[in-house]
Amino acid sequence: MQPTTTTRGQKRLTLRRIRPMLVAAATIALAVLTAACSTGGQQPAPSNSATGVTVAHHNGDGGYRGGRDEQQRTTLKLTTVAEFPVGYFLENVAVRADGSMLVTELSKKGLWYVPAPTGGRPVQPVLIHTFDQPPFDIAETQRNVFYVDTSNYLTTHQSYLQRVDLRHWAPGRPVPVQQVLKFPFPISAVDGSCVLAPDVLLVTDAADGLIWRVDLSAGGRKATARVWLKDPSMNPGRHVVPPQPGINGIEYGAKTGYVYYTSTAQELFMRVRVDPRTLNPVAAPELVAKGHLWDDFDIDQSSGVAYITTHRQNTIVRVPLDPRSGLAEQTVAGMPFDPQLVGPSRFAWARGPGDFGSVAYITTDGGTTAPPPDGIVRPARVLRAELS
């Protein structure tokens, strides 16, 4: 979740050597055999779409990284659940137990409530709180108690953790919000977060290139932070134009025993083993995959895969959690270009019976950060994704 600014506007657009289409923006206009897959803004895909393209990748030494499932395609059927105005940047989504959602929006610093979708029709989102800083990730530590990290990197260069208690809340009522922590470093840009254990959070810092450990106390109303891990793989791209965020999304897999994270500037998807007793990292981070503008993601430990958004590249990629599993990396949405899936920023599992691993929600910015190949900036959306 995001850059060394308060939005993802500085993400660098890169061209993937292995995908048969051109992702371009601004003055970049390379004509390299993309006529067959470019939409050019003339023939948009239908509102409900399903794609599934297996992509063969190679390691840096030239070795093939595909695997035994290269012929087994996962597809995503995408439908719009909620729509926001053009220019909005939907950063993150947390799915509640009742099927409703909380969505953070960067440009207006808002926290939005999205009612549980019913009947297959779009629902009307409701603004329920406005923060003093742009809000990024949302982590739920107990039912209906959420922690939102906020950052004002461009102005005060400081980051905060906010507690949002919805246990006795109903739409139309004020939302109880309490600032419980100011992160220690003077220049900080907190971004992704995950629950490591009860009352323990991990929060990524895209500016400093590290992971914070946050310990909650006093019923979750107080918090302390210390550096959990700092590694070169987390560093931001300060020497590229535009500057790129470092470490971004983060998730913990208790069954696998690893914390997984993305690093946008270096196009890395990494993992680090965790000691289940101390909750400390026990080894150096290990490369899982590389070569995309990885953003945020969710994991399916039973299937051994992560579904990662690529934001500027307008795709969702399924990636094996174990680089030695033999499973193939696969682009499951956005190839060919889908006008619904412009600027995807977050992938999160739904919480209904049987939804985990088969139904998810995706947030987008509609191309506000980087217009898609056809140059059309669209409304920001919350999408429902059905996997098959």
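# Close-up views of a predicted model

**View 1. Ring pairs link Y258, Y260, F269, W294 and F297 into a cluster.** Rings of Phe, Tyr and Trp (its six-membered ring) pair if their centres lie within 6.5 Å; planes under 30 degrees apart count as stacked, over 60 as edge-to-face and the rest as tilted. In total, the structure holds 14 aromatic pairs. Y258 also has a charged neighbour: the charged end of R271 sits over the Y258 ring, 4.0 Å from the ring centre. For this, NZ of Lys or CZ of Arg must be within 6 Å of the ring centre and within 35 degrees of the ring normal. The structure is a predicted model, in which local features need pLDDT of at least 70 and side-chain atom pairs count only at pLDDT 80 or more, while totals for chains, interfaces and linings use all residues. Residues are numbered from 1 along each chain as its sequence is written, and side-chain values use heavy atoms, with hydrogens and water left out.

**View 2. F84 and W112 form an edge-to-face aromatic pair.** A pair of aromatic rings is described by the distance of the centres and the angle of the planes. For F84 and W112, the centres are 5.0 Å apart and the planes are at 80°. The pair links distant parts of the chain, 28 residues apart: F84 is in the loop between β3 (76-83) and β4 (90-95), and W112 is in strand β6 (residues 110-114). Helices (H or I, at least four residues) and strands (E, at least two) are DSSP runs, numbered from the N terminus. F84 counts as buried because its relative accessibility is 2%, and W112 counts as buried at 14%. Buried means under 20% relative accessible area, exposed over 50%, and partly exposed in between (1.4 Å probe, protein chains only).

**View 3. The rings of F185 and W212 also pair edge-to-face.** Their centres are 4.9 Å apart and their planes stand at 75°, so the pair is edge-to-face. Are the two residues buried or exposed? F185 counts as partly exposed because its relative accessibility is 32%, whereas W212 is buried at 1%.

**View 4. Strands β12, β13, β14 and β15 form an open sheet.** The order is β12-β13-β14-β15, with antiparallel pairing. Two strands pair if DSSP finds at least two bridges between them. The edge strands, which pair on one side only, are β12 (190-197) and β15 (222-230). From one strand to the next, the twist averages 25°; axes are lines fitted to C-alpha atoms, for helices over the stretch in contact, and angles run from 0 to 180 degrees between N-to-C directions. Between β13 (residues 200-205) and β14 (residues 210-217) there are 6 bridges. W212, in β14, is the bridge partner of V203.

**View 5. The largest pocket holds about 680 Å³ of space.** On a 1 Å grid over the protein atoms alone, a cavity is a set of points where a 1.4 Å probe fits but cannot get out, and a pocket is an open set with protein on both sides within 12 Å along at least five of seven lines; lining residues have an atom within 4 Å of a point. Grid points are joined across faces, edges and corners, and a volume is the space filled by probe spheres set on the points. The largest pocket is lined by 24 residues, of which E140, E251, D298, R346 and F356 are the closest to its centre. The elements that give two or more residues to the lining are β4, β8 (135-142), β12, β16 (247-253), β20 (297-300) and β24 (344-349).

**View 6. Both faces of β20 are covered.** F297 and I299 lie on one side, D298 and D300 on the other, and all are buried. β20 pairs antiparallel with β21 (residues 305-309) over 4 bridges. The bridge partner of F297 in β21 is I308. In the hairpin of β20 and β21, 4 residues lie between the strands, and G304 takes a positive phi near 75°.

View 7. L279 is not a glycine, yet has a positive phi of about 65°. L279 lies in the loop between β18 (268-273) and β19 (286-290) and is buried, with a relative accessible area of 13%. N314, in the loop between β21 and β22 (316-320), has a positive phi near 60°. N314 counts as buried at 3% relative accessibility.
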